[in-house]
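Subject: Structure for your review

Dear colleague,

Please find below the structure that I would like to hand over to you.

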Amino acid sequence: MRAIKVWLIGLLVATTVSAQEKPADVPHDMEHMQHGGRQGGFMQGGMHHSVAKGVTLQTKVDDVTHTIILREGPINLPANTSHMKMPQPPDLHWTVPMNAWLLAYSPKLVDANGNEVPGRVLHHTAFWNENRADFLCPNKEEHIFGAGGEMTNWGQVPGYGYRVQKDDQIRIETMVHNPTGTSYEKVFLEVRIPYQEADASGPPARKNYYPAWMDAKSCGSSSYDLPPGKNVKEGEVALKYSGVLLGVGGHMHDYGKRIVLEDISRKETVVALDAKVDSQGQLLGMPTVTFFDKGGYKLAAGDVLKISATYDNPTGKTLPAGAMGIIVGAFVPNDDGQMTSLRRKAKPASRQTAAISHDR
Ligand SMILES: [Cu+2]
């Protein structure tokens, strides 16, 4: 059986230098613009980023290839600009057009001409299903997909999928930066999502998996300040459901070293992932581990999971919101029926946030 596959997308492309569009002078975490903080958000919560103007979401459903294509942009990325100084896209919303399983996620960055832009300029993107609570951290929305500079590409898990219902509201939270010496203009983040319709006759129904985000910040906001030198951040989360992990990957930022997941109730190390970095410490990728062949890694309700993220910051200064430590996995509960209680109404306030263009 093919396992969850994660790999690096090659990156090499130079584009033209341009001036950054003048940003709107609005703090990014204002309640009406940004509710990430209120939701215990992934990244921008509490930070004061200005908002990039004119960034919208275009959605397309190709029902021949059964692929959803989401395009967020255009975004201008002047060279050598930190995420704190860079105007950030507002939260955008995608309304799921059908009952379906989402099967995989392939992110890529392209310019207006379709040329690939280095994944490094993506600080991260996160997709949240506002109509469901996260099963590990119900204070948060269900975190269904994320990508960082390593541009992980999540392949399909045969027989499994993430079930969405028509009109589910998916909130897309994206943060960009540009640590390179090259400016990029009119950049689009494109995410391709193969799907299987649930209503149509055709392939047999999929089993449901649920995204498991196991965070060194426990159930708080994922970002934290990274002090100089060696740093270990530890978090714990208690599992309420018995089931199996199909596989895991990781999300860290530059200067990441290692992230470890333990089941401290059983005194077992589930997995230890070593970050792949270049000679400067820039993150190139995170490995993944699959448990398919053993029928999944068994976890029991009541188990306490511990996440330890190790960084080594050589810059001599604290990097504000510079770090995250997340083990990302696919979890299959023994009793899928238990997970229906996580469904809820999307909060209406969250849909006043951004200009959305649907060109389906
Ligand atoms: Cu991150």
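In this predicted model, the copper ion has four protein donors: His124 through ND1, His251 through NE2, His253 through NE2 and Met324 through SD. These donors lie 2.0 to 2.5 Å from the copper ion. What arrangement do the 4 donor atoms make around the copper ion? The arrangement is tetrahedral, because the angles that the donor atoms subtend run from 102 to 123°. For four tetrahedral donors, the ideal angle at a metal is 109.5 degrees.

Along the sequence, the donor residues follow the spacing H-x126-H-x1-H-x70-M. His253 belongs to the loop between strand S15 (243-252) and strand S16 (256-263), while Met324 belongs to the loop between strand S23 (319-323) and strand S24 (325-333); the pair therefore ties together parts that are 71 residues apart in sequence.

I turn next to the nonpolar cores. The largest nonpolar core has 49 residues, and those that touch the most other members are Trp94, Leu102, Tyr105, Phe127 and Ile193. Which strand gives the most to this core? It is strand S10 (residues 184-197), which contributes 6 residues. Apart from this core lies another one, of 38 residues, with Leu283, Phe291, Tyr297 and Leu342 among them.

Tyr105 deserves a separate look. Leaving aside residues up to four places away in sequence, Tyr105 touches Ile144, Phe145, Asn153, Trp154, Tyr162, Val191, Arg192 and Ile193. Tyr105 also forms one aromatic cluster with Phe127 and Phe145.

The count of aromatic pairs in the structure comes to 6. In one of them, the ring centres of Phe127 and Phe145 are 5.0 Å apart and the planes stand at 80°, so this pair is edge-to-face. Phe127 lies in strand S6 and Phe145 in strand S7 (residues 141-148), which means that the pair ties together parts that are 18 residues apart in sequence. Phe127 is buried, with a relative accessible area of 2%, and Phe145 is buried with a relative accessible area of 2%.

Phe135 and Phe331 form an aromatic pair that is stacked, with 4.9 Å from centre to centre and 15° between the planes. Phe135 is found in the loop between S6 and S7, and Phe331 in strand S24, so this pair ties together parts that are 196 residues apart in sequence. Both Phe135 and Phe331 are buried.

The charged residues come next. Side chains of opposite charge can pair when their charged atoms come close. How many salt bridges does the structure hold? The number is 13. In one of them, the side chains of Arg171 and Glu130 meet at 3.6 Å, N to O. Because Arg171 lies in strand S9 (residues 169-176) and Glu130 in strand S6, the pair ties together parts that are 41 residues apart in sequence. Both Arg171 and Glu130 are buried. These two residues are also part of a network of salt bridges that links Asp91, Glu130, Glu141, Arg171 and Glu173.

Lys166 and Asp167 meet through their side chains at 3.7 Å, N to O. Lys166 is partly exposed, with a relative accessible area of 47%, and Asp167 counts as partly exposed at 43% relative accessibility. The side chains of Asp263 and Arg266 form a salt bridge at 3.4 Å, N to O. Here Asp263 counts as buried at 0% relative accessibility, whereas Arg266 is partly exposed, with a relative accessible area of 34%.

One last residue remains to be mentioned. Where is Asn115 placed? Asn115 is in the loop between strand S5 (106-110) and strand S6 (122-133). At 35% relative accessibility, this residue counts as partly exposed. The C-alpha atoms of Asn115 and Val187 are separated by 9.4 Å, although the two residues are 72 residues apart along the chain.

With kind regards,
Your colleague

How values were computed: Residues are numbered from 1 along each chain as its sequence is written. This is a predicted model: local features need pLDDT of at least 70, side-chain atom pairs count only at pLDDT 80 or more; totals for chains, interfaces and linings use all residues. Side-chain values use heavy atoms; hydrogens and water are left out. Helices (H or I, at least four residues) and strands (E, at least two) are DSSP runs, numbered from the N terminus. Buried means under 20% relative accessible area, exposed over 50%, partly exposed in between (1.4 Å probe, protein chains only). Donors are N, O and S atoms within 2.8 Å of the metal (3.2 Å for Na, K and Ca); water is not among the atoms, so sites may look incomplete. Four donors count as tetrahedral if all angles lie between 85 and 135 degrees; four count as square planar and six as octahedral if opposite donors are over 155 degrees apart and all others between 65 and 115; anything else is irregular. A nonpolar core is a set of buried Ala, Val, Leu, Ile, Met, Phe, Trp, Tyr and Cys residues joined through side-chain atoms within 4.5 Å. Contact means heavy atoms within 4.5 Å. A salt bridge is a side-chain nitrogen of Lys or Arg within 4 Å of a carboxyl oxygen of Asp or Glu. Rings of Phe, Tyr and Trp (its six-membered ring) pair if their centres lie within 6.5 Å; planes under 30 degrees apart count as stacked, over 60 as edge-to-face and the rest as tilted.
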